[in-house]
Amino acid sequence: MSFEGRGDHRGGGDHGRGSDHGRHRKGRQGRIGQQRVSHGSRDELGTSGVLAGPALMRDGRGDGRGDGRGDGRGDGRGDSRGDGRGDGRGDARGNGRAEGRGDGRVGGRGDGHGDGCGDGRGDGRGSGRSDGRGDGRGDGRGDGRSDGRNDNRGDGRGDIRNEGNSGSRKPQGGGGPAHGNPQHGAVVSVATAGGAPPTGAMSEVGAKELAEAAKHLVAHDFESAVKVILKLSKAEHARSARNSPKMKEVLSQLYGQMYADNVQIWPRELADLALAMGELQLQDPLAIELLKRIAELAERQVDIFTPHDIAGIVRGFASLGLRTESLMSVIAAEVVRKIDGFDQRQLSHTAWAFAKSGLWNEQLVGAIAAGCLSKISTFNAQSLSQISWAMAQWRTRKDDLMNAIVCELQRKTSEFAPAPLAMIAWSFASLQLKSPPLMTAISAEAGLKIADFKTQDLAHLAWAFANLKVQDQALFNLVAERFQQDIKAALPPELANTAWAFSKNNFSHEPLMNSIADEAIVQIRSLKPLEVATLAWAFAVARLQHRQLMVEIGGQVAKRIEKFQPPQLSHIAWAFGALSLKHQEFMTSLSAHVQRGIGSFKAEVLSGIAWAFAMVRFRDEVLLRRMATDIARDVADLRPLALARCAWAYRLLLGRSPELMMALVVESVKKIDSLPTKTVVNLVDSLYANPPVPMQSSLLEKALAARIEQVSSFFKEAWSVGNQPSINLEQYTSQLSAFGVVDCGIVGTPVLLGQLGIEIPNCSFLQECRMQRRMRGTGLPLPQQQQLLLLQQQQIDFQQGNGGGRAEQFAEPNRDLTLGRLDITIRDKPLQDWVIIRAGAVSPVVAGSSEKAGKWLLAVDLPGRKGHQEPTCQVLSETCSQIFALGIDAASCSNCSSVQGSIQLLSTVVPCLSTVGVLWQFKTRFPSVSLTFVEQILQTGLLGFEHTGDRGN
């Protein structure tokens, strides 16, 4: 059978060779088919932003051990020794050896060890070890390690790589994020489980068993020696015996006897020895040679292996991470041939082993899936989690099987311990299978058992819900509380994945994130590059400036920069940029590293680095010009968001880069139909003032105007002049969100206001607002004069500033300010006044009666914007209050139409869609009042120049 590499051993030249074993067994081949499935390469952190797959970070051995040992040993062994040995073994060996070992073993030990020892070993030891040890060690440690440690390496890394990581992967998952987030954020971890043995135990553990095994080997009783070693492998802290001199002596004896002609070695013994060595994690050179001999003998006899033997031997090799593909190839053929004889444990263990080894073949996976589906009602919690994990590792969606797993979990939820519960959630999330009934059942059971969850289980659970975009605030609160309790026990992948999950799901939990940051600082030197990228991404998305953590991250990356992949460096740089934190050492090191190896950096990565540099005003002109050439050459590879960000970064840092700007605009025009409105807005803003290609820029602006017309049409339909509004708050909020932008940008906003008939105020108003000497002559109260003077001083300070990032530049108080000049007549009563409101100050109207203000003018919160608390909204709400206080009935359209005059407004920020909606509502409510508005952007961190809205576009 030929394999495609999947899971832990992706690619790497290990695409199954298949094996022809005719030289061992008459003409029988190990190949079943030549199907291969190719998979595209995956980046480490998702470019669209999710880190992928949590790292299955620890062995989950604890769960299975108890169950297994007691159950099987008792029942099985007695029968086996009694009936089996007497009846069958004699015949088997005599007859079999004489006529050909194959026949003997099948008939002889078949009858002997099949019926006799068969009832014993088959039912007894079979039931015993199969049920007992199977359940115990198989499901326990099996699921433990398989779900834990193995998973990590396979899916964790895989998923994170996928998006570009997230997390992971991911993080794969997770990415030169669109919003910055890695998509699929799993972080890889190879942690060991079980803990250290008690003091003094190292020399005592296994001494008796090893001495007994050595004694059996001296007597050439290979079978009894294997039984003793298998027993030892199940003992607590058994792995501590693996380095003892006695263990090396026993391995040496085993090796010698496996080449001896006078020693009978049966399939069961080969399987049990491989399994025991896997449990003990024996990987010294002598053990490896012994395993090679086991593989060689097994290949010759694989056609007489029972399902129990098959499950045992593949599990042993997979546990050690040994990918003996020739053996696995012929065994895979036997699995397909004998699949009907596998029970639920053997099915799940076999699936786990092939998935752990990174081996996939369509016929093998199809046979295992069909076998599992036919016996799904017999699967216990551990087996369900193992087969789910295997499907995730194989990246194979067998919908009928996965649906059956959902039904079984719902039926047996109470039987699930935390580890398998979290693992099934993780597996479904890795396959992007969103089953609301499954996640609801898992959430409910996890809530009941949250105190028993370890940090590994919590990380898997949180990652799964975040990756499937399942919003469960109550569950995440429990996870946060429990994770903080055991934070000191958390490994780096668990810290990274948990932080990723909370950020990905937009659950802001500062106490948890601060705890993660504090612990990550302690373990900073142990963090792998992917974990560093995932953590940085998570804190940036959460908008948490944990300066100490970011300082440590910047310093560590600068020192180890050669170990980081280009996408990881791009994500880390993105995080610093998004948080507006300038780490000089990191930026300098990154700049030099990119210059040394610029050929290994793709255009998308270079674009992300340029954007990060711009966000913190780090300017390396030599590097920027080198990057511009490469980006322009491969501009077709840039995602839509990267086009806009790249244009903005170069406009800010270099002023102009004609070749690059032309390439960006031309490519944007080609992709205009697929560009989100937000990207078009950002791109047009970035090209404002000096477009490199006038004709192409004009096409972009026309496309923007067409999309903005959808917004203006919506406002006109919802609020027509002289009529009551035809929309409620819920509908309004939903529609504004559906437009996909918070505002229309510095170029698009004037277009939107122009389409709504809202003109620019006259020049005298602008001069009064901007010039101090004019302000003093208007008769404004002193506090309002001081506000305007402060506004002017901020403009001067901002223009002179040349350091820090955006957060520092916009941190000055009172930057967001709206000034309104009222000149209104209400029933022959004049209302002439100035209304000036700054960000953070709430007008008496909004503070005292927000409900009433909401009835007058509808406003909603948008990302980063405050709805009714926006200064422009407050100015208009206060104006309404003064008008209605003079006797105008707010519910009467004719009363409102009688109000005449003008209102002129100036805002120091681009108004959001909600604020533009408020302007339009005021205009339709008071149609006889001339409403003019201008956005005076003093010097934005987005463009680097002053802009006054121009309706001429």
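Helices (H or I, at least four residues) and strands (E, at least two) are DSSP runs, numbered from the N terminus. The structure is a predicted model, in which local features need pLDDT of at least 70, side-chain atom pairs count only at pLDDT 80 or more, and totals for chains, interfaces and linings use all residues. Residues are numbered from 1 along each chain as its sequence is written, and side-chain values use heavy atoms, with hydrogens and water left out.

Strand β10 covers residues 929-937 and includes Val934. Val934 is buried, at a relative accessible area of 0%; buried means under 20%, exposed over 50%, and partly exposed in between, for a 1.4 Å probe and protein chains only. Between the C-alpha atoms of Val934 and Thr818 there are 9.9 Å, although the two residues are 116 apart along the chain.

Thr932 also belongs to β10. Thr932 is buried, with a relative accessible area of 11%. Leaving aside residues up to four places away in sequence, Thr932 has contacts (heavy atoms within 4.5 Å) with Ile758, Glu759, Ile760, Pro761, Ile903, Gln904 and Leu905.

Strands β5 (residues 817-826) and β6 (residues 829-838) run antiparallel and are joined by 10 bridges; two strands pair if DSSP finds at least two bridges between them. Arg821 has Trp834 in β6 as its bridge partner. The two strands, β5 and β6, form a hairpin with 2 residues between them, and Arg827 in the turn has a positive phi of about 50 degrees.

Cysteines come last. A disulfide is counted when a pair of cysteine sulfur atoms lies within 2.5 Å, and the count by this rule is 0 disulfides. Cys407 is partly exposed, with a relative accessible area of 48%, whereas Cys646 is buried at 0%.
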